[in-house]
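Let's walk through a protein model together, one feature at a time. Keep the picture open while we talk.

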Amino acid sequence: MKKILVSAAAIVGLSASLFAAPITLYQDTETGAIYTKPGEGRIKLGNFISAEEIQKERETDIKKELGIKVESHVPTLKFSGTHYLGYTYTDNKRDSSKNSSKFETRRNYLQVKAYWNEHDYLRTTLDTFQNDDGSWLLRLKYAYIYISDILPLTGVEFGQVHRPWIDWEEHHGWLYRSIAKTFIEEGEGAHLTDSADLGVNFKTKTDYFSSEIGVYNGAGYHHKHEGDRLSYEWRLTASIFGTGKRHVHATKDEYLDLSFTGQINNQKKYDWYGIHGVYNQPTFLLAGMYITYEDYDSDKSHDGWTVNGEFRPIEKWSIFARYDNFEYNTNDLTRYETIAGAAYTYNKNVKLIGNIFYINDDDDAKDETKYMFTTEVNW
């Protein structure tokens, strides 16, 4: 009988270890029944450690055995990475000696966010790039503090921060940054701005309206800032279907957004203004943008436009296309580009993309077609 009672206690003790917190058990001296509360005729059996605390002890023991010491002054660190790995064959229509065939790593981001509460954090993002002699170098893409609700419904980034437009479009309108930058940033598109700069960015989100309004050095994170002139930049977006506060997913959500964006860039001596619209549902996406800009030096206005779409006929597969047309400089030169391709989502971390990229540029006398394959990795 004693063995049976001990076995019963052991079984109950083992079961108790599955609970989220330590508990104390009591056994009736006459019946052998097990209780979680003290009472007459009951004796205390002892404390039983929860499964959660057992796991913590195991992790501590492993760290001691390996000599690992992990410390942080914040409760949460979040790590992530983005990688664009690819191959491109370039067919130069005007000079076949300039044809090229090469494997590429177009982007390698390593990012860490240090959260001291649920919403506020410091972000650092490192990026690799290749210079003219072929060497690989490391540069800082983002380094900023984000504080939520510094104003009603508004948070702020301060440091080397997002500029208002490009990151938003990459998540809502043009979803293939791994093969081409957005129209505003692309070298053979408008080529007016990049995605990060030193400054301050106020970000407001409501269901039907969101915005980013910032002041920046103006040269962008690729270039050196000189002088005392700054750039004033913005994005104002109406979310017709009430998705302004959400992180939308193109294959799951329906959204319709109308945006007004632009810069008064005293550092680079030009202004530009853009109107953008995008409609998305799980089956397809359609987006377009018109921009106009004025060069302070030439005192002349130019314009450009872009349209892109994506069709998702079956799960994991999509077909996409984009056309850009842009006028620039005092001689009314034009450059345009056409992109068409297909993508397969291998899993939540990996996407495979094949596409053709045609470029024609009056100024550079560029007339070429790129045949591209890309593996896009996010973790």
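Q: What is the relative accessible area of Arg246, and how is Arg246 classed?
A: This is a predicted model, so we read computed values. Arg246 has a relative accessible area of 43%, so Arg246 is partly exposed. Buried would need under 20% and exposed over 50%.

Q: Which residue forms a salt bridge with Arg246?
A: That's Asp253, and the closest N and O atoms of the two are 2.8 Å apart. Asp253 is buried, because its relative accessible area is 12%.

Q: How many salt bridges are there?
A: The count comes to 16. Take Glu104 and Arg106: they form a salt bridge with the closest N and O atoms 2.8 Å apart. Glu104 is partly exposed at a relative accessible area of 22%, and Arg106 counts as partly exposed at 25%. Then look at Arg312 and Glu310, whose side chains meet in a salt bridge at 3.2 Å, N to O. Arg312 and Glu310 are both buried.

Q: How do I read a pair of aromatic rings?
A: You describe such a pair with two things, the distance of the centres and the angle of the planes. In this structure, a search of the whole model finds 21 aromatic pairs. One of them is Tyr323 with Tyr336: the ring centres are 6.3 Å apart and the planes are at 35°, so we call the pair tilted.

Q: Where do Tyr323 and Tyr336 lie?
A: Tyr323 is in strand S16 (residues 317–328) and Tyr336 is in strand S17 (residues 333–345), so the pair ties together parts that are 13 residues apart in sequence. As for accessibility, Tyr323 counts as partly exposed at 25%, and Tyr336 counts as partly exposed at 28%.

Q: How far apart are the ring centres of Tyr336 and Tyr358?
A: Those centres are 6.4 Å apart, and the planes are at 55°, so this pair is tilted. Tyr358 belongs to strand S18 (residues 350–361) while Tyr336 sits in S17, so the pair ties together parts that are 22 residues apart in sequence. Tyr358 counts as partly exposed, at 22% relative accessibility.

Q: How should I think about a nonpolar core?
A: In soluble globular proteins, nonpolar side chains tend to be buried together. Here, the largest nonpolar core has 21 residues, and those that touch the most other members are Ile184, Ala190, Leu192, Trp272, Ile291, Tyr293 and Phe326. The elements giving two or more residues to this core are H3, strand S13 (270–281), strand S14 (284–295) and S16. S14 gives the most, with five residues.

Q: Which residues is Phe326 in contact with, leaving aside its neighbours within four places in sequence?
A: Among them are Phe183, Gly189, Ala190, Leu192, Ile291 and Tyr293. The list also includes Asp303, Gly304 and Leu333. There is a second, separate core of 11 residues too, and Trp174, Ala343, Ile353 and Met372 are included in that one.

Q: Is Thr182 buried or exposed?
A: Thr182 is buried, because its relative accessible area is 1%. You'll find Thr182 in the loop between helix H3 (166–172) and strand S9 (196–205). Not counting residues up to four places away in sequence, Thr182 touches Ile166, Glu169, Glu170, Trp174 and Arg322.

Q: How do I read a strand and its partners?
A: In a regular strand the side chains alternate between the two faces of the sheet. Strand S7 (residues 136–151) runs antiparallel to S8, joined by six bridges, and Ile145 stands opposite Phe158 in S8.

Q: How many residues lie between S7 and S8 in the hairpin?
A: Two, and Leu153 in the turn has a positive phi of about 60°. S8 also pairs with S9 in the antiparallel sense, over nine bridges. There, Gln160 has Leu198 in S9 as its bridge partner.

How values were computed
Residues are numbered from 1 along each chain as its sequence is written. This is a predicted model: local features need pLDDT of at least 70, side-chain atom pairs count only at pLDDT 80 or more; totals for chains, interfaces and linings use all residues. Side-chain values use heavy atoms; hydrogens and water are left out. Helices (H or I, at least four residues) and strands (E, at least two) are DSSP runs, numbered from the N terminus. Buried means under 20% relative accessible area, exposed over 50%, partly exposed in between (1.4 Å probe, protein chains only). Contact means heavy atoms within 4.5 Å. Rings of Phe, Tyr and Trp (its six-membered ring) pair if their centres lie within 6.5 Å; planes under 30 degrees apart count as stacked, over 60 as edge-to-face and the rest as tilted. A nonpolar core is a set of buried Ala, Val, Leu, Ile, Met, Phe, Trp, Tyr and Cys residues joined through side-chain atoms within 4.5 Å. A salt bridge is a side-chain nitrogen of Lys or Arg within 4 Å of a carboxyl oxygen of Asp or Glu. Two strands pair if DSSP finds at least two bridges between them.
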